Amino acid sequence: MTLLKRNTGLILLAFFAIYVIWGSTYLLNKIAVTELPAFMLAGIRFITAGSLIFLIAKFLKIPLVVTKRQLGNSIIAGFLFLTFGNGVVVWALKFVDSGFAALEISAQPLVVLLLMRILQNKRIQPMSFIGVGLGMIGIYLLVSQKQIISQDGALLGMILIFFCMISWAYGSLFVGKADLPPNYFVNTGYQMVTGGIQLFLISALIGEEWISPVDWSVPVKWSMLLLILLGSIVAFTAFNYLLKVVSPEKVATSTYVNPIIAMILGWYFLKEEITLQSVIAALILLTGVYFINTKKRITLFSRFTSKKLG
């Protein structure tokens, strides 16, 4: 597919997508998961979005043929990012506020950095050491709040989200070396469809009660529609577009903005409490993430991308 030309207006719209739309997905998932089973919800979202991506690709005459190795790696990436990394987060939203989840997940670059040290023996830069220290302090302040821990299932939700961060982090390292479909649009489609199928299988295995869309409430229907069209297709396409036209450091700023958007939306629409300790934790944690990001490549933040994107 011909690369999109640099266009200031389009770039601004793309940044709006990765800032606001990605930040709003926590609210949308929280609304939907109050009525729908978590894995069924996520499965519908990604299979539908992936199928629409394939239809768009066919319309644009983008080849969908991939090798067996590329398909296998897409299945693995789909599991790490979507089946486990996203599906379990949606499930955890049953127990924690959407803003809290977004803030905890903002520590993902810290987890990636530590995994690079453990699995690849990569040297941690001095600035990143500061980031790790600040990140740990921020996480401690975030999860040590008595009014949050005392909520039913809150501790379980925190732990689940932490394991999801490990899955995302390992997935980020995996896609940096894996042989994946060379076209980012097709790559995203295969990961979404295969990840969605795996989510459906898990949903069936654990006995989730599937609910017909006819029986969904109006807020849930709107949430699912926005998650599919905006959260999955528009935002991820905008992300990959920005990787090609601006510097990786600018694209990575979504790491700082998403939690703020999620916290504000959760407070406004769902009346979620924003404590002073959460605000302090957010400032310390995001400062730590800044120190980490300044010395790292975009592979730390890549979602549904391959090594051939750079």
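Look at helix α14: Ser 278, Ala 281, Ala 282, Leu 285, Leu 286, Gly 288, Val 289, Phe 291, Ile 292 and Asn 293 are its buried residues. Before going on, please note that this is a predicted model.

What do the buried residues of α14 pack against? The partners are α5 (98-105), α6 (108-120), α7 (126-143), α8 (146-149) and α13 (254-270). As for its dimensions, α14 covers residues 276-293, which is 18 residues. From first C-alpha to last it reaches 26 Å, close to the 26 Å expected at 1.5 Å a residue.

Now the protein as a whole. How many helices and strands does it have? There are 14 helices and zero strands.

On overall size, the C-alpha atoms fill a box of roughly 55 × 50 × 40 Å along the principal axes. A compact globule of 310 residues would have a radius of gyration near 19 Å, and the protein agrees because its value is 19 Å. Buried residues make up 54% of the 310. Of the contacts with a separation of 6 or more, 91% are between residues 24 or more positions apart.

Last, the surface and the charges. The accessible surface is about 14500 Å², and carbon and sulfur atoms account for 70% of that. The protein has 24 positive and 11 negative charges, and their mean positions lie 20 Å apart.

Terms used
Residues numbered from 1 in each chain as written. Predicted model: local features only at pLDDT ≥ 70, side-chain atom pairs only at ≥ 80, totals over all residues. Heavy atoms only, no water. Helix = DSSP H or I, 4+ residues; strand = E, 2+ residues; numbered from the N terminus. Expected span 1.5 Å × (residues − 1). Buried < 20%, exposed > 50% of the residue type's maximum accessible area, 1.4 Å probe, protein only. Contact = heavy atoms within 4.5 Å. Rg over C-alpha atoms; globule rule 2.2 N^0.38 Å. Areas by Shrake-Rupley, 256 points an atom, 1.4 Å probe, with all protein chains shown as cover. Lys, Arg positive; Asp, Glu negative; His and termini not counted. Charge placed at Lys NZ, Arg CZ, Asp CG, Glu CD.
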